[in-house]
Structures are given as structure tokens and as C-alpha cells.
Amino acid sequence: MKWQRGVALVTVLLVVAVATVVCSAIIARQQLTIRSSANQLHVRQAWHYALGGEVLARSVLLRDLKEGDPQAPVDHLGEAWAQVMTPFALDEGGELRMRIFDPAGRFNLNSLVLNGQVNTAALAQFQRLLLVLQIDRPYAERLRDWLDADLEPSGGYGAEDGQYLLQQPAYRAANRPLADVSELRLLLEMDAEDYRKLLPFVNTLPADTPLNVNTAEAPVLASLAEGVSLRTAQEWVEARGRQGFRDLQQVREAMPGAQPGQGLALSSQYFEVLSEVAVGDRRQVLRSTLHRTADGKVYVLGRDLGVAGVPPEPMTSGRE
């Protein structure tokens, strides 16, 4: 009889242990499901808040267009769109930070090949920009080969499929315009340090997009003509002031050697928006490329999530 009671007690304890293990597993899975649902909610919230930053940027750019002179538009770093905006408070202690930049104030990498032909003026300008940034590798010739349609290397420094197929892993030259600046990393022998030097001063807009001298930094302005030092280019930046040049005659007077015939402009059609959102423990950064047309419309050309956050302060060169 005692033996039977002992067996019954062991059976009860075993059942209790199994039930405890099962309940613990159910509770752990339930907690994991709740946490996963909360993460998904924060991800969706962050995404839509980031899209809200994009919508806000579109409104700012449209208002800027309406307030300007439609016959002689001018975009400069003193306008509202170029200023650092106060972060917007969100639910759960989160915030939205948004900045608008003008990529047309940077050197256009796609301009090296225009209408299927090598643009010698742009090629020379890119070579000067590399010198200004103290980059001594022949990236200009290699970029030309990357963009043009033929398979013949340009001179002794160019690179086409023959060189890229020897890499590990092997790949081919694109032979088309760049879609994103990050494609520069694919150029032969392009290292991370040189890429970081170039990144703030180059864009990948349509090949015929002019350079906005009102938003260009000193290194880009120094590349406009042979023999222009970085110090001289900084003087040009100071000469344009916060309000920028109002007409091309002022450009001729303040920037001798860099004439408007080189594809210079005083306004921009393309803008880059960085929207950084923090919600809960989630962080989302969205880069949007916008095209503002003269008829008062703003189109979204592309979105990218693989970018760094919004700089806390504007770039110092030419913006003080």
C-alpha cells in the first residue's frame, strides 16, 4: 500500500514538472510574440514617420518655389529649406529629424559622358577635384570607362571588363550612368578613404544637370578652372554670402575663370532629404531624392534606407 502511494506521489510530481515546463514554454513564446509585435509596430511607425518627413520636405520646397521669382529662380543656403530644423517630438519619447540638401551643389559624376560622348571639360574638372582633395589615383579615367558604352580602356590608366574580370569576385564595368554614389566603390582600386573624401562633393544626377554655384562647397568651386586654389575658392564662397549670387553677371565678376558657359546655374531642380526617426528602441533613416519642376510639382525619384543619420549641424564650409 505504501509502495502504491509512493508511485502515485512520483507520478503527481512528474505531471506537475511537465506542466510547469509546458507553461514556461508557452509564457516565453507569448512574451516573444508580444515583443515581436511591438518591434513590428515600431518599424511601421518609424517608416511612416520618415515618409512624413519626406512629405514635409516637399511642402517646404514647394513653398520656396512659390515665394521665389519664377522668371529668375535662385536657390541658396540662406533659404528656409537649407536650415537645420528643430526635431519634431513623437509618441513614446521618439523624435523626427529632417534635413534638406542640394546635390546640384556637388560635382556630377555622370557628366563625364554626355549624350554618349566623353565630356572633356567635365573630365578635366573631375581630375582637378581629385587634386584638390589630395587623391592621386586616376579615378577620372576609370570613371570615364565605367560610364561610356565601349569596351576599350582610355589610355594607360583606364579600366574595362578585362581588368574587372580579374578581380575577386569578378564583375564587369557598368557602361551606363551611375544610379548612386556608392557605385564609386566598384571602380578599380577605389579604397574606402578616397571614397569618404569624395562622398560629400559628388552626385549622380542626370548628366546635363548644371552645378548650382550658390550651394557648392569650396573644393567643388576650386575644380571649375585650372590654377584655382582652395583659398581662392573659399573667397568665392564668402563673396556670394548667405544670399548667394542673384544673376550670372555677379558670378562673372566674383568668380573670374569660372564662367557660366561651363554648365553653371543659380538654382536647383534636385534635392536630397534625410529623415531620421527614433521610436521606442527602433531607429529609421530614409534618404529621398526629389525632383522639383518649374510647374510647381515635386516628384520622388528614389528612396534609400541604407544611409547614415542626419548631421546635427550644417556643413561649415560656406554655411556660416
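Tutor: L274 is buried because its relative accessible area is 9%, where buried means under 20%, exposed over 50% and partly exposed in between, with a 1.4 Å probe and protein chains only. This is a predicted model, in which local features need pLDDT of at least 70, side-chain atom pairs count only at pLDDT 80 or more, and totals for chains, interfaces and linings use all residues. Residues are numbered from 1 along each chain as its sequence is written, and side-chain values use heavy atoms, with hydrogens and water left out.

L274 belongs to strand 9, residues 270–279. Strands (E, at least two residues) and helices (H or I, at least four) are DSSP runs, numbered from the N terminus.

Two strands pair if DSSP finds at least two bridges between them. Across this pair, E272 stands opposite T289 of strand 10. The pair is part of an open, antiparallel sheet of 5 strands in the order 1-2-9-10-11. Its edges are strand 1 (88–89) and strand 11 (298–304), each of which pairs on one side only.

In the loop between helix 4 (161–164) and helix 5 (192–198) lies P169, joined to Q168 by a cis peptide bond with omega of about 0 degrees. The loop between helix 4 and helix 5 also holds N175, a residue other than glycine with a positive phi near 55 degrees. N175 counts as partly exposed because its relative accessibility is 22%. Q134, also not a glycine, has a positive phi of about 60 degrees. Its place is the loop between helix 2 (120–132) and helix 3 (139–147). Q134 has 66% relative accessibility, so it counts as exposed.

Finally, there is a nonpolar patch on the surface, formed by L14, V18, V22 and I26, with about 360 Å² of accessible area together. Patch residues have over 30% relative accessible area and no salt bridge; like charges are joined within 9 Å, and nonpolar side chains (Val, Leu, Ile, Met, Phe, Trp, Tyr) within 5 Å. A salt bridge is a side-chain nitrogen of Lys or Arg within 4 Å of a carboxyl oxygen of Asp or Glu. Areas come from the Shrake-Rupley method with a 1.4 Å probe; for residues, only the protein chains shown count as cover. V18 sits in helix 1, residues 2–67, and is partly exposed because its relative accessible area is 45%.
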